[in-house]
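Visitor: I would like to learn how to read the features of a model like this one. Please take me through them in turn.

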Amino acid sequence: IDVQATLKKKLDLDRPVADVVTLPFDAQGATIRQVATMQSGFPRPYNAVADLETEVAKDLGRTWTIADVLEWVKDLAPLGTVGGPGKYNGTNYQVLSQVIEQVTGKPLAAALRDDLLGPAGLDRMWTQVGEQPQAPLAIAVDPGTGIVDVKSGFLPSRAAASTGNGFS
């Protein structure tokens, strides 16, 4: 399946994202296009990154789901306003991952492998945690953060990798 062609056929970018996926916070009418261009005004976890790292460090083997991450950020302050100037916000990636999964009917890792990584011959790139990286792997530079588990096979750990990627 060609993810790009499928999305183009099945998805109106000017449709409110909340019509496509369920969110634990008010999307305030943000469209899929606004989410993709970082103009959603969604809550931003990076203002509380130390708090998230503390949670991640409690169980490095945990796989955080998209729902877990969105639940965690739902009460945080929004970053900007819907339709305002674009401001980088990782919450948008979590939501877009849900959109891709909903539209393609495939997990994000499979959709990216089939449409992007596989055709490009990128055999040494993985979408963690939907795919397991294969050795040899780089080792995290700053294991003092508490989120690194060098024995897990994920970079920097299963829990940290899953909070930064969209997996349901």
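Visitor: What covers the buried residues of α4?

Guide: This is a predicted model. In it, the cover over the buried residues of α4 includes α5 and α7.

Visitor: Which residues of α4 are buried?

Guide: They are Ile66, Val69, Leu70 and Val73.

Visitor: How should I read that spacing?

Guide: Start with the general idea. An α-helix has 3.6 residues a turn, so residues three or four places apart point the same way. Now the case here. Looking down the axis of α4, the buried residues fall within an arc of 95°, so they line one face of the helix.

Visitor: How do I describe the packing of α4 and α5?

Guide: In general, two packed helices are described by the angle between their axes and the distance between the axes. For α4 and α5, the angle is about 145° and the axes are 10 Å apart. The crossing of α4 past α5 is left-handed.

Visitor: Which residues meet there, α4 against α5?

Guide: From α4 come Ile66, Val69, Leu70 and Val73. From α5 come Thr91, Gln94, Val95, Ser97, Gln98 and Glu101. By class, the residues of this contact are five nonpolar, four polar and one charged.

Visitor: Which members of the largest nonpolar core touch the most other members?

Guide: Val17, Val21, Leu23, Phe42, Leu70, Val95 and Val99 do, in a core of 18 residues. At least two residues each come from α2, α4 and α5. The largest share, four residues, is from α5.

Visitor: Which residues does leucine 23 touch?

Guide: Set aside residues up to four places away in sequence. Leucine 23 then touches Val17, Phe42, Leu70, Val95 and Gln98.

Visitor: Which residues does the second core include?

Guide: That separate core has eight residues, among them Leu52, Val56, Trp64 and Val69.

Visitor: Let us step back. How many helices and strands does the protein have?

Guide: It has seven helices and zero strands. Along the sequence the pattern reads α-α-α-α-α-α-α. Of the 168 residues, 41% are buried. Take contacts between residues at least 6 apart in sequence: 63% of them join residues at least 24 apart.

Visitor: Now the backbone. What should I expect before I look for exceptions?

Guide: Most residues other than glycine have a negative phi, and most peptide bonds are trans. Check each exception in its setting.

Visitor: Where is glutamine 28, and is it exposed or buried?

Guide: Glutamine 28 sits in the loop between α1 and α2. Its phi is near 55°, a positive value in a residue other than glycine. Glutamine 28 is exposed, at 57% relative accessible area.

Visitor: And methionine 38: buried or exposed?

Guide: Methionine 38 counts as buried, because its relative accessibility is 12% and the cut-off for buried is under 20%. Methionine 38 is in the loop between α2 and α3. Its phi is positive too, about 60°, although methionine 38 is not a glycine.

Visitor: What surrounds leucine 155?

Guide: Leucine 155 touches Gln128, Leu137, Ala138 and Ala161, leaving out residues up to four places away in sequence. Leucine 155 is partly exposed, with a relative accessible area of 34%. Between leucine 155 and valine 129 there are 9.4 Å, C-alpha to C-alpha, and the two are 26 residues apart along the chain.

Visitor: One last residue. Is leucine 117 buried or exposed?

Guide: Leucine 117 is buried, at 8% relative accessible area. Its place is in helix α6. Beyond its neighbours within four places in sequence, leucine 117 is in contact with residues including Leu122, Met125, Thr127 and Glu131. Leucine 117 and threonine 127 are ten residues apart in sequence, and their C-alpha atoms are 9.3 Å apart.

Definitions and conventions:
Residues are numbered from 1 along each chain as its sequence is written. This is a predicted model: local features need pLDDT of at least 70, side-chain atom pairs count only at pLDDT 80 or more; totals for chains, interfaces and linings use all residues. Side-chain values use heavy atoms; hydrogens and water are left out. Buried means under 20% relative accessible area, exposed over 50%, partly exposed in between (1.4 Å probe, protein chains only). A nonpolar core is a set of buried Ala, Val, Leu, Ile, Met, Phe, Trp, Tyr and Cys residues joined through side-chain atoms within 4.5 Å. Contact means heavy atoms within 4.5 Å. The arc is that of the directions from the helix axis to the C-beta atoms. Axes are lines fitted to C-alpha atoms, for helices over the stretch in contact, and angles run from 0 to 180 degrees between N-to-C directions. A crossing is left-handed if the near helix is turned anticlockwise from the far one by less than a right angle, and right-handed if clockwise. Ala, Val, Leu, Ile, Met, Phe, Trp, Tyr, Cys and Pro count as nonpolar, Asp, Glu, Lys and Arg as charged, and the others, Gly among them, as polar.
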